[in-house]
Amino acid sequence: MKKLEELLELGGIKRDIVFLLISGAALLLSIFHITPFPFDLAWTAIILCGIPILLEAFIGLVTAFDIKADVLVSLALIASVIIGEDFAAGEVAFIMQLGALLEDLTVSRARAGIEKLVHLTPRTARRITSDTEEIIPAENVRVGDTLRVLPGETIPVDGVILSGATSVNQAVMTGESLPVDKGPGDEVSSGTVNQFGAFEMSASRVGEDSSIQRMIRLVRSADAGKAKIVGIADRWATWIVVIALTAAALTWLISGEIIRAVTILVVFCPCALVLATPTAIMAAIGNAARHGFLVREGDALERLASVRNITFDKTGTLTFGTPRVAAVVPLSDQVDSSELYLTAASCELHSEHPLGKAIVSSYREKTGHFPVQPEDFRMIPGRGVSAMVKGKMIYAGNPELLSEQGIVTDKSVREKAGSYLQEGCTVIYLARSGTCIGFLALSDTLRPDAQTTVDRIKETGIVPVLLTGDHENAAHAIARQIHIDEVHANCLPEDKLHWIDTFQNNRRPVCMIGDGINDAPALKKAHVGIAMGGVGSDIAVDAADIALVNDDIRELPHLLRLSKRMMTAIRLNLTFSMTLNFVAIVLAITGILNPVVGALVHNAGSVLVILNSALLLGWKQRK
């Protein structure tokens, strides 16, 4: 059904282009009185461009008593024909349809940056059964199915690799330009491209639950018609129709010249006013899409332009949300930092704990080597792990683990560890042969552009605030690094709601940026919610007004400035269209403008409004 709608829309644009070309040629011949027929060729434009306008106005009046621009245009067309101004009628119809086409093209171009996601949806999948491999439609894949993906193919659903090694181009989901190596146990997302090796995977999220379909749903929910300011423009348009009809009737009665009344109807059509807002919003949505934002609500950018505070969650938003080894601190002359690091990674090699996995992955990233295989590995819940490494028993964990094993940590050790704890790090102690030989400090990794992003946000006049569930030390350590002055730590979801309520009750509309399920209430409550679409949970994305697809927070200042630039464009469009209408009606009442010139002046205004909005498509803040 959606494909049919898209084809009909495309066909309508092509038809309008053909009709406009024919009508334009006919009007040119009419100007020079070149006609091989016994009628004015301006009638070609009246029929091809005018009849759709008349039908639209009639249907709107009959079905919803919708008194809008089409009604006034229809009256102007009919009146022009009655008094014999065929060329004026054809010209009005032609330029009105030209303006409508420009709007369609602007909206179509704006959506192109978003709708390209739709074309990335895989059509088929290779399903493996006990004895066969079959190609099935991607929508028929079920959770738990085993699929094979060959080099060059698009991954059909979300899942986990069972066997095989490969590199995956994840640009569509994360914005990463380089392929990412994947192996057994790694997750893969639908819509991403398998570049090198073949692999088998187990489907985990299929159909409408898959990553690419989630993004598409966000795209299709973007609707410029939801903007509050569009409703204001529509109400103005209705009143202008009433004023124009009244002015035309009075002018005819007072002057006795019906041509002046017809000219008023022609010049006072509120087309530019109605076009002023939706074209600007859709163009801005298109601009945002090219910078990695999917706008779910049409009025989200309008609301964003008025925010005074921007509140950040920490983990997964300002940081990557994955712990990494920040320091390796040996405490014995018998071990250096490299040996301590290897010992810790080897001891944690079989650990399922996130911190243990972080130590192993950090070691492999830094050294390029695999840790030593441990023996007698044992997990000690709530304490840490133990294992035999190179024939010696190693304990890795918290102070309680060492205490239970009778291992003493003196004051100097606690002071050294305390300095890292003050910076928000987590400390893992290591003991060998009954002695504490050192510790590793782990911390969340700050996004490299976080500080620059916050500084640029401050330049827009918006005050950044950190709202996080982390403890005070970690929160203030991050805030100091990225120049955020206001910090609220240890926040539960209800605490974040409290702070957002406090700001907004003080007339400081808030933009909330988060990624987790715990951020969903705050994202919904805030004046504008922006979710990290790449790492964020489905619930967070669904609660937000805008999703940042590739998690590149560097683009946030651009979005904030774009929203303000969009509102400037809308105000300029509204002011220009209203001014033009009132000037034109005064000239029409005094008889200076005739229907032909009036149509040119008025509809040129509509075209200028659309072109001004279209400038937002490529707008970017100058450095």
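Predicted model: local features only at pLDDT ≥ 70, side-chain atom pairs only at ≥ 80, totals over all residues.

Reader: Which strand does S11 run parallel to, with four bridges to residues 510–514?
Author: That is strand S20, joined to S11 by four bridges. Within S20, methionine 512 is the bridge partner of threonine 311. S11 also pairs with strand S18, residues 463–467, in the parallel sense and over four bridges. There, threonine 311 stands opposite valine 465.

Reader: And what holds paired strands to each other?
Author: Strands of a sheet pair through backbone hydrogen bonds, either parallel or antiparallel.

Reader: Where can I see antiparallel pairing?
Author: In an open sheet of six strands, with the order S2-S1-S3-S9-S4-S7. Strand S2 (133–137) and strand S7 (187–188) are at the edges with a single partner strand each, so one side of each has no neighbour in the sheet.

Reader: How many bridges join S7 to S4?
Author: Two, and S7 runs antiparallel to strand S4, which covers residues 158–163. Valine 160 stands opposite glutamate 187 in S7.

Reader: New topic. What is in the largest nonpolar core?
Author: It has 89 residues, and those with the most contacts inside it are Leu301, Phe312, Ile546 and Met566. Helix H21, residues 556–589, supplies the largest share of this core, with twelve residues.

Reader: What does leucine 301 touch?
Author: Leaving out residues up to four places away in sequence, leucine 301 touches Ala284, Ile285, Val295, Ile546, Leu559, Ser563 and Met566. Apart from this core lies another, of 22 residues, including Val385, Ala396, Leu430 and Leu442.

Reader: I clicked on threonine 263. Which helix is that in?
Author: Threonine 263 is in helix H8, residues 258–267.

Reader: Buried or exposed?
Author: Threonine 263 counts as buried, because its relative accessibility is 0% and the cut-off for buried is under 20%. Setting aside neighbours within four places in sequence, threonine 263 is in contact with Ala588, Leu593, Asn594 and Pro595.

Reader: How many cavities of 30 Å³ or more are there?
Author: One. The largest cavity has a volume of about 40 Å³.

Reader: Which residues line the largest cavity?
Author: Arg15, Asp16, Phe19, Leu20, Leu48, Pro52 and Gln97. The elements giving two or more residues to that lining are helix H1 (2–31) and helix H2 (42–64). H1 gives the most, with four residues. By class, the lining has four nonpolar, one polar and two charged residues.

Reader: Last one. How many helices and strands does the protein have?
Author: There are 22 helices and 22 strands. The protein has 623 residues, of which 50% count as buried. Among contacts between residues at least 6 apart in sequence, 67% join residues at least 24 apart.

Key: Residues numbered from 1 in each chain as written. Heavy atoms only, no water. Pairing = 2+ DSSP bridges. 1 Å grid on protein atoms, 1.4 Å probe; cavity = no way out; pocket = protein on both sides within 12 Å on 5 of 7 lines; lining within 4 Å. Points joined across faces, edges and corners; volume = space filled by probe spheres on them. Nonpolar A, V, L, I, M, F, W, Y, C, P; charged D, E, K, R; others polar. Core = buried A, V, L, I, M, F, W, Y, C linked by side-chain atoms within 4.5 Å. Buried < 20%, exposed > 50% of the residue type's maximum accessible area, 1.4 Å probe, protein only. Contact = heavy atoms within 4.5 Å.
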